[in-house]
Amino acid sequence: MSKTVSANSDRAEWQREFDAQTEGQRPRTNRSGIPIKPLYGPEDWTSDRHEADLGLPGQGPMTRGIYASMYRGRPWSQRQLVGLGTAFDYNDRQRRMAGAGASALSLCPCNSVYRGYDMDEVDPLLLGTCGVVINTAEQMSTALDGIALERISIGLNDPTPFTLFAFVLAHAKKTGTPWDQISGTSNQSDYLSHFVANHMFLRLSLEGSRRVLVDHIDWCAKHAPKWNALSVVGQHMQQAGATPAQAMGFTLASGIQYAEDCRARGLDLAAVLPRFTFFFDISISVFEEIAKFRAGRRLWAKIVRERLGINDPRAARFKFHAQTSGVDLTRQQPLNNIVRVAVQAMAGVLGGLQSMHTDAYDEVLSSPVEEAARIAVATQNILREEAHLDEVVDPLGGSYYVEALTNQMEAEIEKTLAQVDRAGGMFEAVKGGLVQRLCGESALAWQAEVESGRQKVVGVNGWQIDEPPDVRKPQERPDPATIDRYLKEFAAFKAARAPATIAKALDELSRAAEDDRINLFGKVVEAAMIGCTHGEITGRLRRDLGFGNPLVMA
Amino acid sequence: MTTDLRPPKVLMTKIGLDGHDRGGRVVATYLRDAGMEVVFTGPWKSIPEVIATAQEEDVDVIGISSLASDHLLVPKLMAALRENGLDHVGVVVGGIVPDRDERDLLAVGVARVFHPGASLDEIVPFVDRLAKNVRQRRQGL
């Protein structure tokens, strides 16, 4: 007699079949160390937790998204990093990117700018190879020529003391755009993350950066209320090795630190918190990233409400930009990276991000060539317009797996938060090296996974092929003659200024550095409008507020 | 002549402007685990600083980690090594180096360029062999 097919589920039978089919397999865990079961069900999450865990988008726990309509109301912004060569090159390429569909502008300066130097202070060989060289308000006007400031949001990669933003403000003044119409974000304002990882952005001492950042937040709230003065960055730490849960934990801890620093200076948190934004890495660990974003959003709303005591949904909105992770990309078979980026981007959108940068497939080879940059933008257009990922808010909400994993990631993130709290908060945890050590340990653990082959990477430790050498037409380096001309123009610009006026503006900076009743960022804006250069302003503040060398750990 | 029994000594450093240090830290840890002595510096070292450290520490190999075009300065480092009588020191570069630049670096005497995805199984023995060859050549002088 044949076995009858029962309509009832038989758990023991399933388990027996599962075990037989997977004999000898090792248990699975995600990058954050959470065990992953093969099947999730009502024993992991039930819909009677809907109100407590999820609620509606834009309300309550905020898990499902920070706005009621999410992408129906406003699609995520495509914010591609652009930067190479001179201000003229930047303007040219930015206009073409806008034509390809980029809806927000982003500016990635040259490493010399990041390090706080003018172009005449570094080896000219390095100028413009990794970003655009902008040292003055005049050059910013060239870079932004023809771009309607009041209609586009700008992402500036602009660490303390925010000279690039000061140059944008000077440009706006000159072209008649009121400051309260300027919208965008001071990316790279999170100096703590620079101290941990990505030291390239480090310009001032920890204490000096703390002072300037709070002044910047205060100044923007009063004079440029549509500007997001702070972007708290988890991306650097995840790129430096932190697991997704650790990166989220460190980021939330930094958010708490900055909020408390603002409060200590007497700022109204209800007014400044809505201008806090966040910036994350999206790895290819799809469900882990989705759960990371959902858990982070829920935790930040809880922190704002319970820990910071602010009961305003606008302050609790966890607005974030995310960038697909370069660490997952491979030099081997580089076109495969287009697929990796698409998968990462999908995870970010399903996680509810507000804006996104998709990496070009060749970023692991060099600065992207234009075709690669165009494919990166097209990837976002395809996800939105062809795959329709913008149609349903939090489409994975209610999935047994996603909800269970979101809860587990939340618990894991809270462990990291507690570690930082025990060290005395993020400022102290960074100063003492705890965060750097934890990132380093996780980086080694990941490397061991890849070295052992437990983590397969296509083309690296599996499915390798014999490849011809790189046949792409490489991104042209800036023409030495162009750089030379740019340097000469810069020298002429500096020579044409009245030395006494410049000296006075820089002395005003020094005076503000000594007197914390004066808003230091306000003085940076004045200096920028008078014609002081990036290197002059940053150099003076580095002298007065000190420079913080990163802890050397290996 | 006695054989030099000290472990191979490697200077891991970064020149130029970039500060990404994950790769350098991971490689330094593996070299140490393999028994080598590693001098690890912070980022942004000038070429004269690298030369001075290489002299003071008497290293066999210099490892340059470059993730954002600082490798363009390596030819200047190679020239400075020669000028300071440090031609014997082996130089290895790791990070993001386009193919056309790799050819330029090998042409000026860089022993090897390791790209993203290079296995530590490859890097560690290479550096070890390079350091031992450097020692032998110096003793042969």
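This is a predicted model: local features need pLDDT of at least 70, side-chain atom pairs count only at pLDDT 80 or more; totals for chains, interfaces and linings use all residues.
Student: Which kind of peptide bond joins A:Thr160 and A:Pro161?

Tutor: A:Thr160 and A:Pro161 are joined by a cis peptide bond, with omega at about 5°.

Student: Let us turn to backbone angles. What is the phi of A:Gln333, and where does the residue lie?

Tutor: Its phi is positive, about 45°, although A:Gln333 is not a glycine. A:Gln333 lies in the loop between E10 and H15 of chain A. It counts as partly exposed because it has 14 C-beta neighbours inside 10 Å.

Student: Which residue of chain B, other than a glycine, has a positive phi, and is it buried or exposed?

Tutor: B:Ser69 has a phi near 70°, a positive value in a residue other than glycine. The loop that holds B:Ser69 runs between E3 and helix H3 (74-83) of chain B. B:Ser69 has 27 C-beta neighbours inside 10 Å and therefore counts as buried.

Student: How should I read a sheet, and what is the strand order of the open sheet in chain B?

Tutor: The strands of a sheet pair through backbone hydrogen bonds, either parallel or antiparallel. In chain B, an open sheet of 5 strands has the order E2-E1-E3-E4-E5, and the pairing is parallel. Strand E2 (37-40) and strand E5 (112-114) of chain B are the edge strands, each pairing on one side only. On average, with direction ignored, neighbouring strands of this sheet are turned by 20° against each other.

Student: Over how many bridges do E1 and E3 of chain B pair, and which residue stands opposite B:Thr13?

Tutor: Strand E1 (residues 9-13) and strand E3 (residues 61-66) of chain B pair in the parallel sense over 4 bridges. B:Ile64 in E3(B) stands opposite B:Thr13.

Student: In which order do the elements of chain B run from the N terminus on?

Tutor: Chain B has 5 helices and 5 strands, and from the N terminus on its elements run β-α-β-α-β-α-β-α-β-α.

Student: How does the radius of gyration of chain B agree with that of a compact globule?

Tutor: A compact globule of 141 residues would have a radius of gyration near 14 Å, and chain B, with 14 Å, agrees with this. Of the 141 residues in chain B, 46% are buried. Among the contacts in chain B with a separation of 6 or more, 77% are between residues 24 or more positions apart.

Student: What is the strand order of the open sheet in chain A?

Tutor: There, an open sheet of 5 strands with parallel pairing has the order E3-E11-E10-E9-E8. Its edge strands are strand E3 (77-78) and strand E8 (230-233) of chain A. Strand E10 (residues 320-324) of chain A pairs with E11(A) in the parallel sense over 3 bridges, and A:Gln323 stands opposite A:His357 in E11(A). Helix H15 (residues 336-350) of chain A packs on the sheet, touching strand E9 (276-282), E10 and E11 of chain A.

Student: Why does A:Tyr361 count as buried?

Tutor: A:Tyr361 is buried because 26 other C-beta atoms lie within 10 Å, the cut-off being 20 or more. A:Tyr361 is found in the loop between strand E11 (355-357) and helix H16 (370-386) of chain A. The residues it touches include A:Pro334, A:Ile338 and A:Ala372. A:Asn337 is 24 residues away along the chain, yet the C-alpha atoms of A:Tyr361 and A:Asn337 are separated by 4.9 Å.

Student: Which residues of helix H22 of chain A are buried?

Tutor: In helix H22 (residues 520-530) of chain A, the buried residues include A:Leu520, A:Phe521, A:Val524 and A:Ala528. Helix H21 (499-514) and helix H23 (534-545) of chain A are among the elements that cover the buried residues of H22(A).

Student: Finally, how many residues of chain A are in contact with chain B?

Tutor: The contact involves 34 residues of chain A and 30 residues of chain B. On the side of chain A that touches chain B, the largest share, 5 residues, comes from H19(A). The residues of that side divide into 17 nonpolar, 12 polar and 5 charged.

Note on methods. Residues are numbered from 1 along each chain as its sequence is written. Chains are lettered from A and ligands numbered from 1 in the order in which they are written. Two residues are in contact if their C-beta atoms, placed from the backbone, lie within 7 Å. Helices (H or I, at least four residues) and strands (E, at least two) are DSSP runs, numbered from the N terminus. Ala, Val, Leu, Ile, Met, Phe, Trp, Tyr, Cys and Pro count as nonpolar, Asp, Glu, Lys and Arg as charged, and the others, Gly among them, as polar. Two strands pair if DSSP finds at least two bridges between them. Axes are lines fitted to C-alpha atoms, for helices over the stretch in contact, and angles run from 0 to 180 degrees between N-to-C directions. The radius of gyration is taken over C-alpha atoms; the globule rule is 2.2 Å times the number of residues to the power 0.38. A residue is buried if 20 or more other C-beta atoms lie within 10 Å of its own, exposed if 12 or fewer, and partly exposed in between; C-beta atoms are placed from the backbone. Lists of a residue's contacts leave out its neighbours within four places in sequence.
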